[in-house]
Amino acid sequence: MTVMLGMPAPSLTTPTPAAACGTAAPAGPGGRPLVILAYPKIDHEKNYVYFWMPFALLTLAKALRDSGMVDVVLFDGNQQDAAAWEKLLDEELERTLCIGVSIMTGGSQIGHALDMVASAKTRSHCPPVVFGGPHVNVLAEQTAAHPLVDAVLQGPGQNSITTYVASLLGRTRRQDVPGLVTHRCGQTLKGPVNPPRTGAMGAYPWDLLDIPRYIRDDPTVAKRTLNYISSQGCVYVCDFCYELVYQRKYSAMVADDLLRDIADLKARYGINGVKFYDADFFVHLQRSMGFCEGLIERGLDLKWAASINPNDILKARKKGLPLLERIAASGCTRLLMGMESGNDRVLDEVVKKQITRERLLDVAREIADNGILGSYTFIVGFPGESEAEMEDTYSLIGELRGLSPAPETRVHLFAPYPGTGLYDKALEHGFVPPDSLEGWSNFDYYTSLTPWTSEATAERARDETRMRLAPAQ
Ligand code: B12
């Protein structure tokens, strides 16, 4: 486990405070109790040069604010250091009803989370600590079993956090909290299944974050670019992807709400670019077209970028929709697309990408013809993938480089994420997974994690990665 500077090492025998059982709600000084929501640091700087505004926390904060039950503070470990965490605990812990922590697998985020919680738990007034996020969604039981974790909420937090808070306030029964797993107070409690549809996106409580700190000069979008999420879930079945495990139903903001939110962000913070990190922004073709037309009609004059599945483009063609032309006309500068492989067997049998190499090339040509920068990601080192099949991926990359504008290419090493179909195949091929929460923290996606992937394969993947990293002119 990593220990952040200035933080005491967590004791695995930390006693559970009485508050963890949720019997007492702290009385605020004349006001409402507080919920602290934390997004621990991810050690990703070596691979990603920009900060990320934590939408998971904003989504939860919005639901909590709307409930009127509590005040909310957000702590972003990518922006604030250990000393700031200590200060927050010093100042606010006494009136805090619970601490919510978001974790994804790997990148040391889990370790940083445990360090933060360990520090909170050395104090006499530490309230219950509840974990959620992508890692919890796939390994809820193991996370809940950790001595520093009082409870986990599996699934979309906007559906569950308010009920959990209501239960701490004695307004509802703990066993009615959707997605809850807790092994506390001498018993195991599990709530009903958390509905997989999310909704409730947009018009976030921006005032809870220092938004200007997240605006950055993005070389592929614009000088003042902010990240945004306009949908959750995906409709495709790629066998390495977490969305499949989570099975959250696709839900998206309608084009008008999205345009209103983006216009509001522009008016408040003077942004001139938006980078969407939806799993796939273009699942709903009418919404996508509506968004493009709306940007043009409203004269918002924004550059934007998003991720797309190649099949969206094929579907648009079938329907006779000029999707790429309108995307380009509305100011889109870059489309991120997972191509995964240049080999048809791998695309079909291993990844279940539902597309062939020939069609991938064809789609990439259309993207380039519309003047949009393609950013294509690939994965090598799938279980059972042959050297010749990997060569097919590199030859596809070679062909793509002939396009103008020349696309970005990023080659990832296959990493088995728990719950996915390919994770089970990886186990059959000799992959040994971490067996603890701390172990999953150190899961480093950028190094070779599987016994069949050589250092030479890893080096070649790094060599073939070409990104535009210099700031925009
Ligand atoms: C932003 C992002 C990143 C950023 C991280 C930002 C940062 N500051 O450090 C960067 C670019 C660094 C990154 C990197 C990687 N990421 Co990433 N990333 C995302 C992304 C695009 C958005 C996350 C997000 O905010 N979503 C929107 C919010 C609203 O959804 P959410 O996070 O799922 O939160 C909901 C629930 O999980 C829950 N919840 C979340 N937190 C909490 C907390 C509490 C208390 C509760 C109750 C509930 C709760 O409620 C929320 C609302 O519904 C997602 C994909 C996606 N579109 O979601 C992938 C994703 C999270 N990444 C993933 C992966 C695999 C990676 C990488 C390994 C490789 C890659 N493909 O990019 C790397 C390596 C990271 C590492 N760990 O080392 C996986 C996670 C799988 C897992 N088991 O954790 C995802 C889901 C992509 C995917 N489909 O596979 N990533």
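Trainee: Between which two strands does the loop lie in which Thr198 is found?

Mentor: Before we look, note that this is a predicted model, in which local features need pLDDT of at least 70, side-chain atom pairs count only at pLDDT 80 or more, and totals for chains, interfaces and linings use all residues. Residues are numbered from 1 along each chain as its sequence is written, and side-chain values use heavy atoms, with hydrogens and water left out. Helices (H or I, at least four residues) and strands (E, at least two) are DSSP runs numbered from the N terminus. On that numbering, the loop that holds Thr198 lies between strand S7 (187–190) and strand S8.

Trainee: Does Thr198 count as buried or exposed, and why?

Mentor: The cut-offs are under 20% relative accessible area for buried and over 50% for exposed, with partly exposed in between (1.4 Å probe, protein chains only). Because its relative accessibility is 8%, Thr198 counts as buried.

Trainee: How far apart in space are Thr198 and Ala252, C-alpha to C-alpha?

Mentor: Along the sequence, Thr198 and Ala252 are 54 residues apart. In space, taken from C-alpha to C-alpha, the separation of Thr198 and Ala252 is 8.7 Å.

Trainee: Which residues of strand S11 point the other way from Gly273 and Lys275?

Mentor: In a regular strand the side chains alternate between the two faces of the sheet. Strand S11 covers residues 273–276, and all of them are buried. Gly273 and Lys275 point one way, while pointing the other way are Val274 and Phe276.

Trainee: Which residue of S12 is the bridge partner of Val274?

Mentor: Two strands pair if DSSP finds at least two bridges between them. Strand S8 (residues 225–228) runs parallel to S11 and is joined to it by 4 bridges, with Leu226 standing opposite Val274. S11 also pairs in the parallel sense with strand S12 (residues 303–307), over 3 bridges. In S12, the partner of Val274 is Trp304.

Trainee: What radius of gyration does the protein chain have?

Mentor: The chain holds 17 helices and 15 strands, and its C-alpha trace spans about 65 × 55 × 40 Å along the principal axes. The radius of gyration is taken over C-alpha atoms, and the globule rule is 2.2 Å times the number of residues to the power 0.38. With 473 residues, a compact globule would therefore have a value near 23 Å, and the chain agrees, at 23 Å.
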